[in-house]
Amino acid sequence: MPATLRHLLVFANIFSILLLISINTLFFSTCYAIDEQGQALLTWKNSLNSSTDALKSWNSEVRSPCKWFGIHCNSNGQVVEISLKAVDLQGSLPSNFQSLKSLKTLIVTPPKWYVFCIYTR
């Protein structure tokens with residue numbers, strides 16, 4: 001086999017592998033984007049009513065809920081505190097917070113400060 005043909009086949013194989021990896025990254029990266037803690041928080045967010053978009057950063061495109069508004073995590077990436085002060089939210093606390101095993105403090109206060117909920121585990 002001539003050297004040029006051999007180089008062409010090697011190049012084609014490398015290109016095919018790189019193309020396959022790129023397609024896989026593009027289409028399947030969101031399948032594992034969010035952890036169990038994030039899923040629990042998103043479920044809660046979707047059950048709430050709000051007149052503001054204060055929880056806009058709570059979305060599945062961000063892998064870790066530690067980067068979301070009002071979420072505080074320890075060095076292991078576990079949610080330890082949810083602090084939603086002066087945020088207009090209406091709804092109930094979810095029953096699926098069991099996945100937030102390290103959650104110690106939950107602070108929810110409305111904008112007008114007439115009722116508040118502070119939970120410490």
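## A bridge between two strands

Ser83 has Ile107, a residue of E3, as its bridge partner. The pairing behind this bridge joins strand E2 (residues 79–84) to E3 in the parallel sense, and four bridges make it up.

Which residues of strand E3 (residues 105–108) point one way, and which the other? Thr105 and Ile107 share one direction, while Leu106 and Val108 point the other way. All four of these residues, on either side of strand E3, are buried.

## The overall fold

This is a predicted model. The protein contains two helices and four strands. Along the sequence, their order is α-α-β-β-β-β.

Contacts give another view of the fold. Of the contacts in the protein with a separation of 6 or more, 48% are between residues 24 or more positions apart.

## Surface and interior

The protein has 121 residues, and 26% of them count as buried. Its accessible surface is about 8,500 Å². Carbon and sulfur atoms supply 61% of that surface.

## Confidence in the model

The mean pLDDT of the protein is 79, and 64% of the residues reach at least 70. Which elements have the lowest and the highest mean pLDDT? Helix H1 (residues 3–28) has the lowest, at 59, and strand E1 (residues 71–73) has the highest, at 97.

Terms used:
Residues are numbered from 1 along each chain as its sequence is written. This is a predicted model: local features need pLDDT of at least 70, side-chain atom pairs count only at pLDDT 80 or more; totals for chains, interfaces and linings use all residues. Side-chain values use heavy atoms; hydrogens and water are left out. Buried means under 20% relative accessible area, exposed over 50%, partly exposed in between (1.4 Å probe, protein chains only). Contact means heavy atoms within 4.5 Å. Accessible areas come from the Shrake-Rupley method with a 1.4 Å probe; for residues, only the protein chains shown count as cover. pLDDT is the predictor's confidence in each residue, from 0 to 100. Two strands pair if DSSP finds at least two bridges between them.
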